[in-house]
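Please keep the sequence and the structure in view while reading.

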Amino acid sequence: MAQDKLTLVLDWFINPNHGPIIVAQENGYFAEENLEVEVIAPADPSAPPKMAAAGKADLAISYQPQLHLQVAEGLPLKRVGTLVASPLNCLLVLEDGPINSVADLKDGKVGYSVAGVEEALLTALLSNAGLTMDDIELINVNWSLSPSLMSGQVDAVLGAYRNFELNQMELEGVAGQCMFIEEMGVPSYDELIYVTNPELADLEAIKRFLRATERATQYIVNHPDESWEIFSGTSADLQDDLNRMAWDDTLPRFALRPSALDHRRYRAFGDFLQEAGLIDDAQPVDTLALDPNAE
């Protein structure tokens, strides 16, 4: 019997955040679900959700905060699974620098790379500390997050991933400190999710995809060292200290139940974005997300 083909567009080049996908591929779990999965790294990181919406990919990896905005803009997308089930984003500062709390950012410079969501997150963090956006200078550092912090161009950056930039700084001999946004006034959310156009999607195939990645996640949690060897064995580019450190830091954050849907979490984040003025109305959860196994 011919295998069903699925195309999955990643959010970025392959890195430890994609562990369950690569391990499912390498361990033959997709094949056992009668799937042939083509994994594509995007040339443009903003393209994957649009490709899924247009039916040019069966699945794309995106971010829960972006999903709320894109659905509000009319993109025909729904979340069908979770890859990383907690925020990775953090407010990154120098460990021995002058910033020990968000309140210390008054009159400081904050670097960011993605307009919209990160500004809403920052507004919430500042508000929680009794500040407003007028109290800081916002600087677009265009993905140069840890370098701009280490060089002193900014006092803090938002959008740094706690499993990557923090380790990157350590390897360069500069101690950083991550302030966790979900502990400072931002509702917790799913950092990485699988999205599709539900009108065009083969939900049966997606169920099998999620079963395979759930198996892979269990394997990773049970066999962290063996799974690292499998993952890093797929590319020489992955075999360095940064990826190994990131692998260890990402393991506890993979979704153990990738198809399970937490309605409260999606409602709370929608309310948060509405209060921040980024969307006019918080959308009902069923317009944003579905659990394929409930269909």
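This is a predicted model: local features need pLDDT of at least 70, side-chain atom pairs count only at pLDDT 80 or more; totals for chains, interfaces and linings use all residues.

Residues are numbered from 1 along each chain as its sequence is written, and side-chain values use heavy atoms, with hydrogens and water left out.

**Overall form**

- The protein has 12 helices and 10 strands; these are DSSP runs numbered from the N terminus, with at least four residues (H or I) for a helix and at least two (E) for a strand.
- Its radius of gyration is 19 Å, close to the 19 Å that the globule rule gives for 295 residues, so the protein is as compact as a globular protein of that length. The radius is taken over C-alpha atoms, and the rule is 2.2 Å times the number of residues to the power 0.38.
- The C-alpha trace spans about 65 × 45 × 30 Å along its principal axes.
- Of the 295 residues, 52% are buried. Buried means under 20% relative accessible area, exposed means over 50%, and partly exposed lies in between (1.4 Å probe, protein chains only).
- Of the contacts between residues at least 6 apart in sequence, 80% join residues at least 24 apart; a contact means heavy atoms within 4.5 Å.

**An open sheet**

- Strands of a sheet pair through backbone hydrogen bonds, either parallel or antiparallel.
- Five strands form an open sheet in the order 2-1-3-10-4, with mixed pairing; two strands pair if DSSP finds at least two bridges between them.
- Strand 2 (35–40) and strand 4 stand at the edges with a single partner strand each, so one side of each has no neighbour in the sheet.
- Strand 4 runs antiparallel to strand 10 (residues 192–196), and five bridges join them; Val84 stands opposite Leu192 in strand 10.
- Strand 3 (residues 59–62) is also antiparallel to strand 10, with three bridges between them, and Ser62 stands opposite Ile193.

**Salt bridges**

- The structure holds 10 salt bridges, each a side-chain nitrogen of Lys or Arg within 4 Å of a carboxyl oxygen of Asp or Glu.
- Asp4 and Arg208 form one of them, their closest N and O atoms being 2.5 Å apart. Asp4 lies in strand 1 (residues 4–9) and Arg208 in helix 8 (residues 203–222), so the pair ties together parts that are 204 residues apart in sequence.
- Asp4 is partly exposed at 30% relative accessibility, while Arg208 is buried at 15%.
- Arg265 forms a salt bridge with Asp190, with the closest N and O atoms 2.6 Å apart. Arg265 is buried at 14%, and Asp190 is buried at 7%.
- Glu204 and Lys207 form a salt bridge with a closest N and O separation of 3.0 Å; both residues lie in helix 8, three residues apart, about one turn of the helix.

- Asn89 lies in strand 5 (residues 89–94) and is buried, with a relative accessibility of 5%.
- Asn89 and Ile181 are 92 residues apart in sequence, yet their C-alpha atoms are 7.3 Å apart in space.
- Ser232 belongs to helix 9 (residues 224–232) and is buried at 4% relative accessible area.
- Leaving aside neighbours within four places in sequence, Ser232 is in contact with Leu238 and Gln239.
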